[in-house]
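User: I would like a close look at one part of this model, with its surroundings. Please keep it brisk.

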Amino acid sequence: MTTTIRSLLMSWRSKGFIDQEIYKKLYISDGELPRSYGLPKIHKTNTPLRIIISCINSPFYKLAVFLKDIINKSLNIKEKFGHIKNSYELVKRINGLELPEDYKIVSLDISSMYSNIPMELVVNSVLSRWSEMEKNTSIPLQEFKRAISIILESAYFRFNDEYYEQIFGLPMGSPLSPILADLVIQDLENSIFSNLRVHMSFYYRYVDDIVLAAPKDEINNILDSFNAYHERIKFTIDHGDELGVTFLDVKLLYDGGGIMFV
C-alpha cells in the first residue's frame, strides 16, 4: 500500500499535477494498518455493535483526506435535498407540522451502507460531477479515478491481532468513504424521486438513516422503489409503535394535532 501511494505521488509530481509542497504533505514513509473495534447501538434491539475502523496514520489516510477536500470544495453537499446534519435541525424543521389523517411517519435504514456501495456507482457519481470538481484540482479525471480506486482497494484492517480485508464496497473508516457514499445516495434519491409519484409531507436523511411521512397505502411502494435501485443497496423499514417513530436520538410523536418530539 505504501509503495503504491508513493509511486502515485511521484508520478503526479513529475507530471505537474501536484507541486512539491503538496507532494511533501501527502508523502508517507511508513504507516499503520487500520484497526477495528465496536461501539454498541444502545437504541437498537439486543444492542448490536457498530463496527468502527480507525484509519488514522494508515498509508492512504492523507491521500483520502486530500481527495475528500477536493470533492467537498466542489459540491455544496449540505444543501442537497433532504440533508440534515443532526436531530436538532430535524426538530427545528418539522416541529408542530400537521399531517393528513391518512399519512404515516416511518424511518428507513440502509443495511451496511459502506460495505455495499459498488465501485461502478461511485465512478458514475464522480463522472456526473466532474465538471465542477475539475475546477478545484489540476489532477486529470483518469488519475483522480485511479487514486480513488487505490484507496477503495486498500480496505485492510486488524482486529484482535488478526488481519482482514473488506472485499466489497467503500472502506469503513476511510475519510473518503462518507462523501463518496453521500454522492451515490444523492443519485439514488434523484432517480427515485424523479419517478415516484407520491407526495411526502417531509423527507430527511442523516447519512444512512431516513425519516419520512407519506400516505399509509404508499409506504410499501416507497420501500420497494428504494430497494429496486441496486441489488446491493437494501433498505429496512421501521414503523415505530402506536405513538411514533424513533429517529437518531429523538422520538417523533404524532397525535393528530402536530408532530412533537421527546
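Which element gives the largest share of the lining of the second largest pocket?

Analyst: That element is helix α3, with 6 residues of the lining. Bear in mind that this is a predicted model. Helix α3 covers residues 61-74.

Start with the pocket itself. The second largest pocket holds about 240 Å³ of space. Its lining counts 15 residues. Nearest its centre lie I22, K25, F66, D69 and I70. Helix α2 (20-26) also supplies at least two residues of this lining, as α3 does. By class, the lining divides into 8 nonpolar, 3 polar and 4 charged residues.

Next, the helix packing. Helix α3 packs with helix α8, which spans residues 177-195. The angle between them is about 40 degrees, and their axes are 9 Å apart. Since angles under 35 degrees count as roughly parallel and 65 to 115 as roughly perpendicular, α3 is therefore oblique to α8. On the α3 side, the contact involves K68, I71 and N72. On the α8 side, I179, L180 and L183 meet them. The contact of α3 with α8 comprises 4 nonpolar, 1 polar and 1 charged residues.

Helix α3 also takes part in the largest pocket. That pocket has a volume of about 1500 Å³. It is lined by 46 residues, and R50, Y206, V207, D208 and D209 are the closest to its centre. Both α3 and α8 give two or more residues to this lining. So do the strands β2 (49-54), β3 (103-110), β6 (202-206), β8 (235-238) and β9. The lining of the largest pocket splits into 21 nonpolar, 13 polar and 12 charged residues.

Strand β9 leads on to a sheet. This open sheet has 3 strands in the order β9-β10-β11, paired antiparallel. β9 (244-247) and β11 (259-261) stand at its edges; each has a single partner strand, so one side of each lacks a neighbour in the sheet. On average, neighbouring strands are turned by 25 degrees against each other, direction ignored. Strand β10 covers residues 250-254 and pairs with β11 over 3 bridges. Here L252 has F261 in β11 as its bridge partner. Helix α4 (residues 87-94) packs on this sheet and touches β9, β10 and β11. The direction of α4 makes about 150 degrees with that of β11.

Back to the helix you asked about: α3 contributes 6 residues to the lining of the second largest pocket, packs with α8, and gives two or more residues to the lining of the largest pocket.

Technical notes: Residues are numbered from 1 along each chain as its sequence is written. This is a predicted model: local features need pLDDT of at least 70, side-chain atom pairs count only at pLDDT 80 or more; totals for chains, interfaces and linings use all residues. Side-chain values use heavy atoms; hydrogens and water are left out. Two strands pair if DSSP finds at least two bridges between them. Helices (H or I, at least four residues) and strands (E, at least two) are DSSP runs, numbered from the N terminus. Axes are lines fitted to C-alpha atoms, for helices over the stretch in contact, and angles run from 0 to 180 degrees between N-to-C directions. Contact means heavy atoms within 4.5 Å. Angles under 35 degrees count as roughly parallel, over 145 as roughly antiparallel, 65 to 115 as roughly perpendicular and the rest as oblique. Ala, Val, Leu, Ile, Met, Phe, Trp, Tyr, Cys and Pro count as nonpolar, Asp, Glu, Lys and Arg as charged, and the others, Gly among them, as polar. On a 1 Å grid over the protein atoms alone, a cavity is a set of points where a 1.4 Å probe fits but cannot get out, and a pocket is an open set with protein on both sides within 12 Å along at least five of seven lines; lining residues have an atom within 4 Å of a point. Grid points are joined across faces, edges and corners, and a volume is the space filled by probe spheres set on the points.
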